[in-house]
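Me: I would like to learn how to read a protein model step by step, beginning with the surroundings of a single residue. Could we take one feature at a time?

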Amino acid sequence: MPNGHRVPDQRTDSTHHRTASSAREQPHDPRLLRRVAVASFIGTAIEFYDFYIYGTAAALVIDKAFFPALSPVNALLASFSTYAVAFVARPLGSVLFGHFGDRLGRRSVLVFSLLLMGLSTAAVGLLPTYDTWGAWAPALLVLLRFLQGLGLGGEWGGAALLAVEHAPAGRRGRYAAFPQLGPSVGFFGATGVFLLLSTWVSDETFRSWAWRVPFLLSLVLVGVGLLVRLRITETPSFRKAADHRTVTVPIAEIVRRHPRELLLGSGAMIVTYGLFYTATTYCLSYGTKTLGVGRTPMLLASMSAVVFLAVGTWMAATSSDRVGRKPVALWGTVAAAGWGPLIFPLLDTGRLPLIILGLGGALFLMGVIYGPMGAFLPELFPVRLRYSGAGLAYSLGGVVGGAMAPLVATRLQSAFGSASVGWYVSAMAGVSLTCLLLLPERRERGITDF
């Protein structure tokens, strides 16, 4: 660090220092808190809407539109591979946006991440298919998906910090629940748009051009998100840290001083991604293409199941203020390990209520783990490294849990049957459980500590 200035290690803080830090946290204006909650929620909902419409399109139409020359299984794998590209880009986005978020502030970086995601998403809706542009079409699709990943990589960390760093002491879990609800609402909206299109237009029309509509709607949503976010002030924690020396290269400092928190935090996130993308993207493809369930019933099942995710997220996030982030997440992870082998026997019945039960149970448990993470991951890092540290830990977990889940599940189901996919979910839960057990509980720590 310049001039020998040293960021104090979180693990060496005394109880007196924690109490003093909490007492120094800023007074809170209820109107500002409501505005912050709305801004963090709307931003993540829009960005995850953008992200999820691609996942739904990958399961339903991308394979035939951009990879028509491949066999059905290989075309689906290619479609999911373009889907996975964004997960590789997300850690890079976390490093890039985290660097400026830790040095320049949370608010301005969040505005740019929203713009990048929205414009990239709309461009997918305008992209010609393989029949028109040949190999250029999938190549540009990969590029746009990469840019989507960069944008989302910068979004979550900033949105979580916007809520957590404004929140009153003892209520960080509750306020962090608002950005954590973004995936539920974003997925519900994305699936709902595809469901309406499936109802209103023929299958031929849907595959011809109607699948582009959800992507183009992103431009309207981004405009709304920008209006909300531009009204938000910088967080009190960052303003206080800005009065001291900032870190020149935050990611280098994290790797040097906080590698344990980074790696274990990433591992703890694996099961949340694995549950979500297995129960949504992969199961949507599995239900329509393997089980022969209609696209409309499967979209209805997905929309019903994501309500369980929202309920689990809110219950767990708010409960974490009372009992701690770690105990709640641990309970959800253990339950997820047991639920994994039940998912596909329920789906394989082909009966809609049991399909909803299988998917809804998986997403509810995902919400129980995911809800506390909005406060848990930021609390692992000091304020001047928090955007980079929390965002990167969140995104790295997605490389294994999110990018790989549909690809591995497709291969496992093809080689060993659907039951093997459920055990794969349980294995991811085992990895996350181990990481959670090794992480500290820091909900009592003052959020302005640095």
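Me: Which residues does L377 touch, not counting residues up to four places away in sequence?

Reply: Bear in mind first that this is a predicted model. Contact here means heavy atoms within 4.5 Å, and with places up to four away in sequence not counted, L377 touches W156, G265, M269, A390, A393 and Y394.

Me: Which residues touch the most other members of the largest nonpolar core?

Reply: The general idea is that in soluble globular proteins nonpolar side chains tend to be buried together. In this structure the largest nonpolar core has 122 residues, and those that touch the most other members are I62, F66, F206, M373 and L377. Helix 2, which covers residues 30–66, gives the most to this core, with 16 residues. Apart from it lies another core of five residues, among them I46, V111, L114 and V222.

Me: How should I read S266, and is it buried or exposed?

Reply: A residue counts as buried when its relative accessible area is under 20%. S266 has a relative accessible area of 7%, so it is buried. This serine lies in helix 14, residues 259–290, and, leaving aside neighbours within four places in sequence, S266 is in contact with L392, A393, L396 and G397. The C-alpha atoms of S266 and G391 are separated by 9.7 Å, although these two residues are 125 residues apart along the chain.

Me: What can be said in the same way about S302, and where is its place?

Reply: S302 has its place in helix 15, and its relative accessibility is 4%, so it counts as buried. Once the neighbours within four places in sequence are left aside, S302 is in contact with F187 and T191.

Me: How many of the residues of helix 7 are buried?

Reply: Helix 7, residues 172–180, is mostly covered, since seven of its nine residues are buried. These buried residues are R172, G173, Y175, A176, A177, P179 and Q180.

Me: Which helices do the buried residues of helix 7 pack against?

Reply: They pack against helix 2, helix 6 (136–164), helix 8 (182–200), helix 15 (295–323), helix 16 (325–348) and helix 17 (352–376). Leaving aside neighbours within four places in sequence, A177 is in contact with W314 and A317. The C-alpha atoms of A177 and A317 are separated by 5.5 Å, while the two residues are 140 residues apart along the chain.

Me: How many helices and strands are there in the protein chain?

Reply: The protein chain has 19 helices and zero strands. Its radius of gyration is 21 Å, close to the 22 Å that the globule rule gives for 450 residues, so the chain is as compact as a globular protein of that length. Along the principal axes, the C-alpha atoms fill a box of roughly 65 × 45 × 40 Å.

Me: What share of the residues in the protein chain is buried?

Reply: Buried residues make up 62% of the 450 residues. Of the accessible surface, which comes to about 16,100 Å², 68% belongs to carbon and sulfur atoms. Among contacts between residues at least 6 apart in sequence, 87% join residues at least 24 apart.

Me: How many positive and negative side chains does the protein chain have?

Reply: There are 38 positive and 23 negative side chains, and the centres of the two sets lie 3 Å apart.

Technical notes: Residues numbered from 1 in each chain as written. Predicted model: local features only at pLDDT ≥ 70, side-chain atom pairs only at ≥ 80, totals over all residues. Heavy atoms only, no water. Helix = DSSP H or I, 4+ residues; strand = E, 2+ residues; numbered from the N terminus. Rg over C-alpha atoms; globule rule 2.2 N^0.38 Å. Buried < 20%, exposed > 50% of the residue type's maximum accessible area, 1.4 Å probe, protein only. Areas by Shrake-Rupley, 256 points an atom, 1.4 Å probe, with all protein chains shown as cover. Lys, Arg positive; Asp, Glu negative; His and termini not counted. Charge placed at Lys NZ, Arg CZ, Asp CG, Glu CD. Core = buried A, V, L, I, M, F, W, Y, C linked by side-chain atoms within 4.5 Å.
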